[in-house]
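Me: I would like to learn how to read the features of a helical model. Could you take me through this one step by step?

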Amino acid sequence: MLYRRHLRIKVLQALYSWYSGSSNDLPSGEKQLFQSIDKLYELFIYQLSFLLEIKDFALLRMEKNKQKYFPTEDDLHPSQNFVENKALKILEENKDFQKLMEKLKINWKPEENMVLTFYKLLREADFYKKYMAAERSSLEDDKKFLIKVVDRLMQDFDLLTSWYDEKNVYYSEGYDLCGVLLVKFIDNIAAKFSSDTPMPGIFSTEGQKVNDDKLFVQKLYRKVILNDEELSGIIRERSKSWDYDRIPMLDVILLKMAIEELKEMRTIPIKVTLNEYIELAKYFSTPKSKTFINGVLDKLIMEFKAAGTIKKTGRGLVE
């Protein structure tokens with residue numbers, strides 16, 4: 001379920017922790033890296049269950065409104081679009097998802113005030129009012145609505161992020177990335193996703209005998225640490241116009257990751273590696289980092305090609 005870019009981000013975070021001195025034991029650091037990925041998946045299940053909890057809360061309020069002494073027409077005949085959201089219904093009926101919730105012992109009942117606060121925010125949102133006013137909704141309409149709930153409300157809901165902060169440090173660390181996973185999952189829900197369909201795992205394993213994504217994470221993390229001295233020398237030599245000790249740590253780590261990927265990951269095209277690390281620099285480092293990393297990698301790629309250092313397998317992988 002995670003794209004390779006997401007996996008690179010997790011490795012980047014783990015390596016930043018390593019170089020910051022939080023860990024000096026490779027097996028322990030690697031264990032923490034995979035634990036953070038596992039916790040990201042747990043958070044993903046929690047967030048899906050939160051959406052279901054909001055839907056259940058809305059249904060409960062709807063029933064209470066009907067019991068008023070003087071109910072309005074809206075109280076008696078409310079829009080059913082949210083409480084009958086087809087994407088949520090598909091998820092709610094999925095056996096694998098139910099097992100995952102039971103395994104994590106997810107229970108939002110003690111957090112009723114937080115659920116109420118979010119529900120009020122949702123009801124005030126223009127996209128909610130428009131969605132509820134529609135005469136009927138299709139599965140696609142329901143999916144688009146949920147994506148807006150995630151993107152516009154859940155990602156910036158401070159009460160929820162604070163709750164996760166207290167629950168587990170890995171949850172708060174992976175919160176933004178989890179939003180990407182939620183949108184991807186909701187967007188891919190189809191009518192054929194039945195109660196017996198397995199939930200997607202955190203790693204993509206479709207058609208694979210060996211988990212390539214897991215090996216990618218492990219190899220990239222290990223190689224950067226084990227070859228640190230060599231990698232530092234390569235970067236120093238190619239960045240003489242820069243004071244190496246003043247280069248941002250994130251830039252150095254990104255370059256080390258890119259070099260190892262160019263040399264060791266035989267099935268990843270050179271252009272993909274170059275573009276990915278330029279993009280990561282854009283999001284995670286300084287405004288000048290993109291240009292710096294692009295320049296160093298361009299120079300290195302030409303040198304590596306000339307020296308035969310880059311060995312790619314598959315058609316079209318070496319430009």
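This is a predicted model: local features need pLDDT of at least 70, side-chain atom pairs count only at pLDDT 80 or more; totals for chains, interfaces and linings use all residues.

Me: Thanks! How many helices and strands does the protein chain have?

Reply: Helices (H or I, at least four residues) and strands (E, at least two) are DSSP runs, numbered from the N terminus. Here the protein chain has 16 helices and zero strands. Its C-alpha trace spans about 80 × 40 × 35 Å along the principal axes.

Me: How should I read a helix pair?

Reply: Two packed helices are described by the angle between their axes and the distance between the axes. Axes are lines fitted to C-alpha atoms, for helices over the stretch in contact, and angles run from 0 to 180 degrees between N-to-C directions. Take helix 1 (residues 4-19) and helix 12 (residues 212-226): their axes are 10 Å apart, at an angle of about 30°. Helix 1 is therefore roughly parallel to helix 12. The cut-offs are under 35 degrees for roughly parallel, over 145 for roughly antiparallel and 65 to 115 for roughly perpendicular, with the rest oblique.

Me: Is the crossing of helix 1 and helix 12 left-handed or right-handed, and which residues in helix 1 and helix 12 meet?

Reply: A crossing is left-handed if the near helix is turned anticlockwise from the far one by less than a right angle, and right-handed if clockwise. This one is right-handed. On the helix 1 side are R4, L7, R8, V11, A14, L15, W18 and Y19, which meet D212, D213, F216, V217, L220, Y221, V224 and I225 of helix 12. By class, this contact has twelve nonpolar, no polar and four charged residues. Here Ala, Val, Leu, Ile, Met, Phe, Trp, Tyr, Cys and Pro count as nonpolar, Asp, Glu, Lys and Arg as charged, and the others, Gly among them, as polar.

Me: At what angle do helix 14 and helix 15 pack?

Reply: Helix 14 (residues 249-264) and helix 15 (residues 270-284) pack at about 165°, with axes 10 Å apart. That makes helix 14 roughly antiparallel to helix 15. The crossing is right-handed. L250, L254, M257, A258, E261 and L262 in helix 14 meet I270, T273, Y277, L280, A281 and F284 in helix 15. Ten of these contact residues are nonpolar, one is polar and one is charged.

Me: And how do helix 6 and helix 8 cross?

Reply: The axes of helix 6 and helix 8 (residues 139-153) come within 12 Å and cross at roughly 115°. The two helices are therefore roughly perpendicular to each other. F118, L121 and L122 of helix 6 make the contact with F145, V149 and L153 of helix 8. The contact divides into six nonpolar, no polar and no charged residues.

Me: Which residues touch the most other members of the largest nonpolar core?

Reply: A nonpolar core is a set of buried Ala, Val, Leu, Ile, Met, Phe, Trp, Tyr and Cys residues joined through side-chain atoms within 4.5 Å. The largest has 109 residues, and F44, F50, F82 and M199 touch the most other members. Helix 2 (residues 26-66) gives the largest share of this core, 18 residues. Leaving aside neighbours within four places in sequence, F44 is in contact with M1, C178, L181, L182, F185 and M199.

Me: What is there to see in the backbone at K105?

Reply: Most residues other than glycine have a negative phi. K105 has a positive phi of about 55° although it is not a glycine. K105 lies in the loop between helix 5 (95-104) and helix 6 (112-124), and counts as exposed because its relative accessibility is 71%.

Definitions and conventions. Residues are numbered from 1 along each chain as its sequence is written. Side-chain values use heavy atoms; hydrogens and water are left out. Contact means heavy atoms within 4.5 Å. Buried means under 20% relative accessible area, exposed over 50%, partly exposed in between (1.4 Å probe, protein chains only).
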